[in-house]
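Please look through the sequence and the model below before reading on. The report that follows takes up a helix, a sheet, the surroundings of a ligand and a nonpolar core.

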Amino acid sequence: MLETSASLPFVAKSRPALPETEGWPLVGSLPQILKDPFAFFAQARERYGDIYRLNLGLTKVVVLNHPRHAQHVLRDQGQNYRKGGPMWDAVRGLLGNGLVVSEGDFWLRQRRMMQPHFHRQRLVGLTDLMVEAIEESLDSWEAAAAAGEPVNLHQHFNQLTMRVIVRTLFGSALSREDMEQAGRAIGYALDYIMTAMITHALPGWLPLPGKKRYQQALAEFDEVVYRIIAQSRAGEGEENHLLAMLLNTVDEETGEGMSDKQLRDEVATIFLAGYETTSIVLTWAYDYLSQQPAVMAKLQAEVHEALQGRRPTFADLPKLPYTKMVLQEAMRIRPPSYWLPRTAVADDEMDGYDIPAGTNVISLTYMYHHHPEQWPDPERFDPERFTPEQSAGRHAFAWVPFGAGQRLCIGRDFSLMEGQLALAMMVQRFDVRRTQDEETKPQLSGTLRPKNGLPVILTRRND
Ligand code: HEM
């Protein structure tokens, strides 16, 4: 019998090599990336296409720019793209085996146990805690507003979203001092993670700058969290917060609950994943709102009409669709998690290129959200993009700020709800005026923060 050509190795079709960015020896394209990362990514896509190899000198990664790639690596072939590589190793140092970093059966078990607590209907019970925390934060900004003092809105939103996460996680069980201790510690640890990523390959005994302080920060965080876990296990305090719910959850198959160590890892995960991300969205939303009076006026009109000056409730959320569209557009134009690193487990192929096992890929959310084929005039802030009419026909993975597939953010509904409530309450209470004309630049770090925050002056409104 004649062999078919497909079974003969010497006639196997060889695939073309991926285009590779130009760069210097040792550092590759790093200098250009550091100068202006997002301009670099936009230009690289135009020059090399939707998929290319990024030359970082000593290492190379494949960068994915089209929503079809998000569908491929996050959903269709999600099993083949795992959370390996230096960034995830650095995050593991902080979160242990928490949900963002765990994998395989262990991840599945944890996800099954935690998922029900994040369903929209379960969140109804957390709305009051959220609204209370937002209100306390806004109250604490009144003095600066009355004095006309400039404030950094990004820091303010960090404090607000931290208060929301702490209140919903722990109820009122956490004292102000404990909250500040945990917040400072995790804030420091987050900043240190970038250093940890760069230095992960060095031997563990090397005394790196900041490492001791990082370990101290982790110990401080753990001290607070283990104390609260012990109190909650002993049945002290109220029971409507997330920690209490996680404490009482058992795996349906084995009937076992989580150990203290696992609870600590999940609490650290929710803390880390859940507060700065939402704060970044609110800050970018205000960055654009403060420059687009027509969008702001429409938002204020919606909030006024829906709430007539009172506090929002869960039932009000459907009456605030434009508020949600403002948040969606802020997350499109400045996605807090702007890149998701993965490593291919087995050989694969994308767009006709070979992706051998072990390849590190970057799923570049930022470019999916700026792809000119999906988003005309991508640098323009325009919430109307999210009307049903304008959304029709768009690729299903063109907007993926919360990731996609199995590893979709568990806190998606939580943060959209928090964002809607916070934006509505902020719009009711304060007018915001920028104190500088320069464009706010994004900073290249683990998340897409505004480089120098957002300096503004707040003025009290009487809505
Ligand atoms: C605007 C706010 C937020 C953004 C943009 C965001 C973004 C993301 C993204 C992109 C992922 C997927 C990561 C990956 O696949 O590599 C993720 C996962 C996750 N997020 Fe969020 N997140 C937000 C808010 C929250 C909140 C409020 C919580 C908790 C209360 C949370 C908890 C988590 C957890 C636990 C995971 C891991 C899920 C898993 O792998 O099973 N996030 N988030």
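## Terms and numbering

Helices (H or I, at least four residues) and strands (E, at least two) are DSSP runs, and they are numbered from the N terminus. Residues are numbered from 1 along each chain as its sequence is written. The model is a predicted one, in which local features need pLDDT of at least 70 and side-chain atom pairs count only at pLDDT 80 or more, while totals for chains, interfaces and linings use all residues.

## Helix α4

Helix α4 is followed by G96, a residue whose phi is positive, near 60 degrees. Within the helix, which covers residues 86-95, the buried residues are M87, A90, V91, L94 and L95; a residue counts as buried if 20 or more other C-beta atoms lie within 10 Å of its own, with C-beta atoms placed from the backbone. These residues lie on the same side of α4, because they cover an arc of only 125 degrees around the axis, the arc being that of the directions from the helix axis to the C-beta atoms.

## The five-stranded sheet

Five strands form an open sheet with mixed pairing, in the order β1-β2-β8-β5-β3; two strands pair if DSSP finds at least two bridges between them. At the edges are β1 (51-55) and β3 (81-82), each of which pairs on one side only.

Strands β1 and β2 pair in the antiparallel sense over five bridges, and they form a hairpin with four residues between them, where G57 in the turn has a positive phi of about 80 degrees. Y52 has V63 in β2 as its bridge partner, and V63 also stands opposite I362 in β8. The pairing of β2 (residues 60-64) with β8 (residues 360-363) is parallel and runs over three bridges.

## Around the ligand

Of the 22 residues around the ligand, those that come nearest are G274, T277, G403, C409 and G411; a residue is near a molecule if its C-beta atom, placed from the backbone, lies within 6 Å of it. Two or more residues of this shell come from each of α13 (260-274), α14 (276-289) and α19 (412-429), and α13 gives the largest share, four residues.

## The largest nonpolar core

The largest nonpolar core has 111 residues, and those with the most contacts inside it are I134, A285, A330, L364 and L423. Such a core is a set of buried Ala, Val, Leu, Ile, Met, Phe, Trp, Tyr and Cys residues joined through C-beta atoms within 7 Å. Helix α19 provides the largest share of this core, 10 residues.

Conventions
A residue is buried if 20 or more other C-beta atoms lie within 10 Å of its own, exposed if 12 or fewer, and partly exposed in between; C-beta atoms are placed from the backbone.
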